[in-house]
Amino acid sequence: MELSRRGFMKLTVLSGAGAAAGYGGVALGNLTEAASQDDRVPGGVERWVTTGCDLCSGGCGARVRLIDTRAVLLEGNPLHPVTRGGLCPVGQASLQLLYNPDRVKGPMKRVGARGAGQWEPLTWEEALRTLADRLRGLREQGEAHTLVALTGRARGIVPDLLRRFARAFGTPNVTDASGDDPSSQALWLTQGIGAPIAYDLENAKYIVSFGVPLVDGWWAPVRQMRALVQVRQGTPGRRGKLVQVEPRLSPSAAKADEWIPMNPGTEGALALGLAHVLVAEGLFDRRFVAERTFGFEDWVDESGRTNTGFRSLLIKEYLPSKVAKVTGVPEETIRRLARELAASGPGVALGPAGGQSNDRETAWAIHALNALMGAIERPGGALVARTAPLAQWPEVRPDETARRSLAMPKLPGARGDEPLAGNSFALLADALRSGAAYRAKALLLWGANPAFTEPGPGRVRQALSEIPFVVSVSSFLDESTQYADLVLPGHMFLEAWHDDPPPAGVPYPVVGVAQPAVEPPYQTRHAGAVILSLAQALGGRVAEAFPWKEFKDVLMASMEGLYRSRRGMIFAKQEESGPPRPLREWEWAPLPYKSFKEFWEDLVNKGGWIDPSYRYGEWTRVFQTPSGKFEFYSRTLRRAVEARARAQGKTPEESLAALGLAASKDQAFLPHYEPPRLAGDEGSYPLTLVTFQLLTLGDGSLADLPFLQERLAPHANVQWGTWVEINPKTAGTLGVHDGDWVWVESSVGKVKVRARLYPGIAPGVAAIPMGQGHTALGRYARGVGANPMELLGAERDPLSGTPALATRVKVSKA
């Protein structure tokens, strides 16, 4: 391969960095190809196209630089009011996704054994006919409910289209591989709303983050980084403070004003210890608690029974001295932190990011702390996001075949937005193996790779091999697609129309609209267009539910709602658009457009729409609980448990006892601490393993981008590999040195990785990043590092069944 001087210099740097890191796993030929990719840029006319990045939940606006028809650069859209020109390394590296040599070039069907990698190309007409015939057969046999659809990181309208298809077709089994967000569960328990909490970070004065990776991932990293800059730069007489509480010195902890190390999985106990201090010392917001909450004091229910209130539970069970023993955080630190929170007027607490079996209880305790501080519905506090006024689609009218199948019980792990049900393909896989109500006969994987991302991927692979018909809508032959009978390659985001809903955590409605920047180089199709074509092929009521010819029509129909609302504004210069600081109650003049066509053209050219207003204290909107208040004692949960018990033929007490909760009946409906459930006995597996995501790789779906492999983890100075972080004291007892190859072994599996001695992690704890260890996906990802999901067992949240991402392990020299 011929290289330019620039390519040669780049190759020298890349190969030198990879060799120096010693965490290995990439061939020199791969680096040569990666280094030379951007040297094949033709000369021609330059132009810029406004679009958006959809590689994570951040929804960043973007601009693409084109030379003739080739994209050569991505930058942030300076008009986007949330990210304001920012773009993370993932978005900047996305051209390596667009021009990746490992993309699936067209539809294919399997011709060999599952997993053998033997494929035969198809035309789109043949592929859609094959899929439609198979699904039509399920409906004709009265088995539409045996179709399961699993979405990946898709956002916006496409997942809604898939759920609409499922309803018209007749299956209740649609689930999301991204799982449940703990803050959504906390908001449902306390405020009756199943959505993530919106944190007004930009105006916060004091932030306590319980393990939330604000600068290295989570919901919207660019927005969060900008918000922290705004908080920390301060104004005359005021500078905000960030306190990071977690077991390891993560990049977010390193950027905080204070890092407080603690034992893994005990964040909920610490939040309740802080709450104890606020209540015992009279530092809580008495007016808010008295007027806007339920269950703080002991109370008598309709049957005359006295129920324990939150105050009594805190004073009795969560003394700082007791909490210090559980968490490893000194008692004096607990008292100081609580007093600082109260004095900040008010502070805000957020977390957890997820990964423990007790995430639901932890998030509940943290949000209860916000209520005690009076941070609910206040600037700089915890809010409930407003939704954008998108146009409603016509109602689906299922036919009799669909209605009968929709009445069937949902499979475990595919229960959508049901409050006491987890969304997890691993949960579904276990149910299918142990005997569910019925077997799944067809599976649609929509940008999902559960055979890599789910805990215990071996169980998932076994389940995939037993489902008679599997279809994967995927741009790459990833681990799950290897088990597919039919592969339908989707567009990459730079080739497609798409919308970007506001990232979780943003309190005001924002809608990004992204247009294609380049023509698709391969025989790929928009994922939404695949749904539309499939519906038309099935005909009848299924086809009637989709009155649009192409996905752009769906997008435009939805955006008409913005135009008709006469609210908000198209993205504009920063001083003209929001969010204002603080968020204000704005009233809008009518949008200055004579027609929807004029509005649409400006919407596309600028990149989106925003309504940067927030009306604080709309109590009927933000408290949808039986009491109409913030519920410390969750009658919402109590009603759900009672309904579950009736369905099981049990009493509520029996239903709770079967879950194995540590809490008593009274405590079960109050914010409380549940110890994390970890597989393996402590004697054989003395270390607690925690897993974490990297900003660069996320869940691993982008591991085939070599530039991200090179920028893998600057804080650890590692490229192209996987490592385990252990404290030097722990390593000393094991005879392990920095850079040694070691085995990390749990009760269900083991992986071989390099040891990284890291003082920024507590003794007795091991930490491994997610995202590596692919056996498929592409040449830059395959065989690089190890997948910590192989170490995880069947420990789950007792209520929902959501799998835990932590376990017990032992480490030994390889």
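**Reading the cavities**

Modeller: Ala, Val, Leu, Ile, Met, Phe, Trp, Tyr, Cys and Pro count as nonpolar, Asp, Glu, Lys and Arg as charged, and the others, Gly among them, as polar. This is a predicted model, where local features need pLDDT of at least 70, side-chain atom pairs count only at pLDDT 80 or more, and totals for chains, interfaces and linings use all residues. Residues are numbered from 1 along each chain as its sequence is written, and side-chain values use heavy atoms, with hydrogens and water left out.

Biologist: How many cavities does a search of the whole structure find?

Modeller: Rolling a probe the size of a water molecule over the atoms shows where empty space is left. Here the search gives 2 cavities of 30 Å³ or more. A cavity is a set of points, on a 1 Å grid over the protein atoms alone, where a 1.4 Å probe fits but cannot get out; lining residues have an atom within 4 Å of a point. Volume is the space filled by probe spheres set on the points, joined across faces, edges and corners.

Biologist: Which residues line the largest cavity?

Modeller: C53, L55, C56, G58, G59, C60, L87, C88 and V90. Its space is about 60 Å³.

Biologist: What is the volume of the second largest cavity, and which residues line it?

Modeller: About 50 Å³. The lining of the second largest cavity is E361, W364, L637, V641, L656, L661, A668, F669, H672 and L799. α15 (359-372) and α25 (635-648) are the elements giving two or more residues to that lining. Helices are DSSP runs (H or I, at least four residues), numbered from the N terminus. By class, this lining has 8 nonpolar, 1 polar and 1 charged residues.

Terms used:
On a 1 Å grid over the protein atoms alone, a cavity is a set of points where a 1.4 Å probe fits but cannot get out, and a pocket is an open set with protein on both sides within 12 Å along at least five of seven lines; lining residues have an atom within 4 Å of a point.
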